[in-house]
Every structure is written in C-alpha cells, then in structure tokens.
Amino acid sequence: MTTTLERVRTRVRRAAYARTMAMPIEREHHHGFPVTVTDVVDVTPHYRRLTLAAPQLREYRTLGPDEYFGLVMPQPGQELPDLSRLAGSNLRGALGELPEVERPDLRWYTVRRHRPEAGEVDVEVVTHGDDGPGSSWVRRAQAGQLAGFQTGSSCYRLGSAAGDQVLVADETAFPALCGILEQAGPGVRPHVFLEVPGPGVLPDLTPLAAGLAGTVAVVDRGDRAPGQAVTETLAAADLPAPTFAWACGEKELAASVRRHLVSERGMDKRRVYFCGYWILGRPRG
Ligand SMILES: Cc1cc2nc3c(=O)[nH]c(=O)nc-3n(C[C@H](O)[C@H](O)[C@H](O)COP(=O)(O)OP(=O)(O)OC[C@H]3O[C@@H](n4cnc5c(N)ncnc54)[C@H](O)[C@@H]3O)c2cc1C
C-alpha cells in the first residue's frame, strides 16, 4: 500500500524532473519478468552482444535512446526469483531480503536495440574479466539460459535541446551513445568525446559518425585513470556553447566532465546529465 510519505516523495520527485534535464525520466510502473538468452555474438574479443527474448518485451516500451534495465543473473544452481512479485522500483532492496543462497546478482545495462514485434532486446557489454558478477555472467552466457529483466528508465530527453550538445562516454556507455546518435534527430549537432580502453575493444564508430552534423574525438585512455584523457581533450576543444551535455562512464570520468562543463564553460547544472556507470576499484552494484 502506498503511504503518505511515499506519495509526497513522488510529488517532489516529479516537480524536480519537470525542472531539469539532469535527472532520469520517470517510469510510472516497473515490471520484472524472465527473459531467455537467444543469441550471443562476440562483436570484438571484449564486447559481447546478447539477445534476450520474452513475450513481455512485445508490450515493453523504452522511454528514450539510453534506456537502461536491470539484468538479474541467477548463479549456477539458483532459481530465478518471481520478479513479478519483487519488481518495484527498488529491486535491489527486494533482492536483498532474499536469503543469500537464493539471491541472484543484479547489474544495469543499456537496451541497445528493441524489436517489439519479435519480443527481443539486444544488450552489448564490454567484458573486463571475472572480477565482477556482471562481466563474469556475460562471459559465460549461452543461448537457452534464463535471466531476469527489470524495467528501468532513460535519461536523454529526445527533442528537448536542439543545437550543440556535448556527449561524453567510455566503453560502458558506448551502447547508450550509439542509441543517442541514432535517434537524436536533425536539430542536434552532437560533439562526441569517446574514451576507449585500447584499440579494437569497441566496434568502429565511423559508420554512425559519418552522417553526423557535429564532431567526433576518440581518445585512448592508455594507462591513465578513466576520465583524465577525455576530460583534457574536451577542455582543449574549441566548441560552441552547448545547449545540453550528457556524460556517462566511469564515476570519476562523469564527475570530472561535469565539473569542467559547469566551472569552465559556465553550463547550467540542470543542463548536464551525468552518471557513473562503474567505479574504478570497487563494485558499483
Ligand atoms: C545506467 C547504466 C547503463 C549501463 N549500460 C551498460 C552497457 O550497455 N554495457 C556495459 O558494458 N556496461 C554498462 N553499464 C555498466 C555496467 O553496469 C558496469 O560495468 C557493471 O558495474 C559491471 O559490473 P560487474 O559486476 O562486471 O563489476 P562490478 O561488480 O561493478 O565491479 C567489480 C570490479 O570490476 C571493476 N570493473 C567494473 N566495470 C569495469 C569495466 N568496465 N572495466 C574495468 N573494470 C571494471 C570495478 O572497478 C571493480 O573493481 C551500465 C551502467 C549503468 C548504471
């Protein structure tokens, strides 16, 4: 049952969403359901595409081009819990109530493509070994395997800011960046700053970038901490005043790009969306 406090919180959140482009779009109702892995493709040695299918994905609708969802990953021998019962917006809290032996892992990924007519989504994941449950599960994923899908939201608002936009991403935000570039529309001139962990990790951005009205800089991280190289490149770039900025990737990358845009370029904080997709040296959860 919804309490008065929850109703007040929802109203305050909605008022904040209405005023800013720096917060996710709110989804009215969340759903959770099982999905089956139906295809696995190694696009590069460290970048896997999984296709997930479920009847519920026929009715499912994304809210924008960087839509994220919760991937619920049962460990070998574990049953997938009944997500229709657990899936409020705080799925992590609900999973935390389960006994540890039954508790699946949860990580967040981008819906790279949605094919409602087929009841399918594609998710593209950059793998980094076995030191996190997400990467480890994706590396072992096989057609026929079951997982859980919890609806999330989108953060990039289509049609809300024409003109010059700054889009900064690393390898984990590459799928979201591609979605934005595909859908942003002709009124947007995107200025893309992509930090890559090395050559050949990501698919080539050139085909997507070819039709863009804006500019593209691809920066190799080398052995520097995530975010340093791309923030320096952005700081040195001669850019028109941006109408909106979106910066996603490792936590410090997102934070340092936002600091630069607000402090050095004078952007309004409400026009800078930023999100730490992972955290160097510890799980993001
Ligand atoms: C909204 C949203 C959308 C996202 N979309 C995508 C997506 O489409 N594709 C995608 O690949 N990722 C995406 N991510 C990032 C993904 O959720 C994280 O990379 C995830 O935390 C990895 O989980 P893990 O269990 O492998 O590692 P964690 O348990 O989070 O971390 C364990 C260890 O691995 C390290 N680690 C985690 N990720 C990386 C990495 N990428 N490179 C090097 N070391 C790492 C951590 O620093 C830590 O030391 C998204 C995240 C968010 C919040």
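Strands are DSSP runs of E with at least two residues, and helices are DSSP runs of H or I with at least four residues, both numbered from the N terminus. Two strands are taken to pair if DSSP finds at least two bridges between them. The structure is a predicted model, in which local features need pLDDT of at least 70 and side-chain atom pairs count only at pLDDT 80 or more, while totals for chains, interfaces and linings use all residues. Residues are numbered from 1 along each chain as its sequence is written, and side-chain values use heavy atoms, with hydrogens and water left out.

Strand β1 (residues 32-44) runs antiparallel to strand β2 (residues 47-53), and seven bridges join the two. Within this pairing, Val 40 has Leu 50 in β2 as its bridge partner. An open sheet of seven strands, with antiparallel pairing, has the order β4-β3-β7-β1-β2-β6-β5. Its edges are formed by β4 and β5 (113-115); each has a single partner strand, so one side of each is left without a neighbour in the sheet. On average, neighbouring strands of this sheet are turned by 35° against each other, direction ignored. For such angles, axes are lines fitted to C-alpha atoms, for helices over the stretch in contact, and angles run from 0 to 180 degrees between N-to-C directions.

An open sheet of five strands shows parallel pairing in the order β10-β9-β8-β11-β12. Here β10 (215-220) and β12 stand at the edges with a single partner strand each, so one side of each lacks a neighbour in the sheet. Strands β8 (residues 163-169) and β9 (residues 188-196) pair in the parallel sense over seven bridges, and Leu 167 stands opposite Val 192 in β9.

The ligand is surrounded by 24 residues, the closest being Arg 107, Trp 108, His 128, Gly 134 and Ile 279. At least two shell residues come from each of β4 (105-110), β6 (120-126), α4 (133-140) and β12 (272-278); β4 supplies the largest share, four residues. Domain 1 (23-151) and domain 2 (163-278) both give residues to the shell, so the ligand lies between them; the bounds come from an automatic or database domain assignment.

Note on methods. A residue is near a molecule or strand if one of its heavy atoms lies within 4 Å of it.
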